Amino acid sequence: MIPARARRPTREVRAARRARRVSGLVVSLVAVGALARAAGVPPQHDYVLHCSGCHRADGRGVPDAVPSLVGVDRFLRVSAGRPYLVRAPGVAQAPLADERLARLLNWVVVNFGTSRVSPAYTAHEVGLWRRRPLRDPTSLRERLLSQTEVAGARRPPPTGDGGPVPRSRP
Ligand code: HEC
């Protein structure tokens, strides 16, 4: 007969079991994290977490302090506006990987603008621009805004008889 004391697991055995349980937990947490990444965090969650503190939940910003994002797609009318939207400090410095930031930015433009980004921002493009900080965002912003106004004025009305004539395909 085995004495009761011998059947009780030794301290080493208990420690090993504990370690197995802990590493099992770590493995499942990593798996959950990977699943969440694969499924993708919805961009609106990232917006709430990283942007809405300044730009507000409805994107309207704070008068004289934080610009409204409503109609932000106007920057895309001019070529220098495309990198600007990535290089704006709140965007470039967001604690998000390039891929997630690209998705967020595409969502911001569609959600608060009247058109989508075409072509959509990619992780690669976002990665390139965000690593080139703007020296003077305020004056660049002013310059771009006056350029977009000029571009907007030159643009034919989007609908109605005066609209662009669709080019026939060959
Ligand atoms: C600390 C406040 C703050 C946070 C946080 C912030 N922004 Fe901004 N954002 C600004 C300000 C101020 C500007 C105007 C440019 C400048 O002076 O930096 C701006 C400019 C922008 C622009 C360019 C449009 C324009 O009108 O100039 C976009 C797009 C933008 N932000 C999106 C975002 C997104 C997306 C996030 C979240 C990842 C974010 N911002 C986080 C304050 C903020």
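Which residues have the most contacts inside the largest nonpolar core? They are Val86, Leu101, Leu105, Val108 and Val126, in a core of 15 residues. A nonpolar core here is a set of buried Ala, Val, Leu, Ile, Met, Phe, Trp, Tyr and Cys residues joined through C-beta atoms within 7 Å. Buried residues have 20 or more other C-beta atoms within 10 Å of their own, exposed ones have 12 or fewer, and partly exposed ones fall in between, with C-beta atoms placed from the backbone. H5 and H7 each supply at least two residues of this core, and H7 gives the most, with 6 residues.

All of this comes from a predicted model, in which local features need pLDDT of at least 70, side-chain atom pairs count only at pLDDT 80 or more, and totals for chains, interfaces and linings use all residues. Residues are numbered from 1 along each chain as its sequence is written. The mean pLDDT (the predictor's confidence in each residue, from 0 to 100) is 84, and 76% of the residues reach 70 or more. Over residues 158-166, pLDDT stays under 50, and the model has 6 contacts beyond four places in sequence for that stretch. Two residues count as in contact if their C-beta atoms, placed from the backbone, lie within 7 Å.

As for the fold, the protein has 9 helices and 0 strands. These elements are DSSP runs numbered from the N terminus, with helices (H or I) of at least four residues and strands (E) of at least two. Of the 170 residues, 14% count as buried. Among contacts with a separation of 6 or more, 61% are between residues 24 or more positions apart.

Back to H7, then. This helix has 15 residues and reaches 21 Å from its first C-alpha to its last, close to the 21 Å expected at 1.5 Å a residue; the expected span is 1.5 Å times one less than the number of residues. Leu101, Ala102, Arg103, Leu104, Leu105, Val108 and Val109 are its buried residues, and their cover includes helix H3 (43-50), H5, helix H6 (89-92) and H8. Val126 touches Val86, Asp98, Leu101, Ala102, Leu105 and Tyr121, leaving aside its neighbours within four places in sequence.

Then there is the ligand. It is surrounded by 20 residues, the closest being Cys51, Cys54, Pro67, Gly90 and Ala94; a residue joins this shell if its C-beta atom, placed from the backbone, lies within 6 Å of the ligand. H4, H6, H7 and helix H9 (137-154) are the elements that give two or more residues to the shell. By class, the shell has 14 nonpolar, 5 polar and 1 charged residues, where Ala, Val, Leu, Ile, Met, Phe, Trp, Tyr, Cys and Pro count as nonpolar, Asp, Glu, Lys and Arg as charged, and the others, Gly among them, as polar.

Most residues other than glycine have a negative phi, and most peptide bonds are trans. Ser118 and Pro119, however, are joined by a cis peptide bond, with omega about -5 degrees, and Pro119 sits in the loop between helix H7 (98-112) and helix H8 (123-130). Arg56, not a glycine, has a positive phi of about 70 degrees. Arg56 lies in the loop between helix H4 (52-55) and helix H5 (81-87), and counts as partly exposed because it has 14 C-beta neighbours inside 10 Å. Asp64 also lies in the loop between H4 and H5, and its phi is positive too, near 65 degrees. With 6 C-beta neighbours inside 10 Å, Asp64 counts as exposed.
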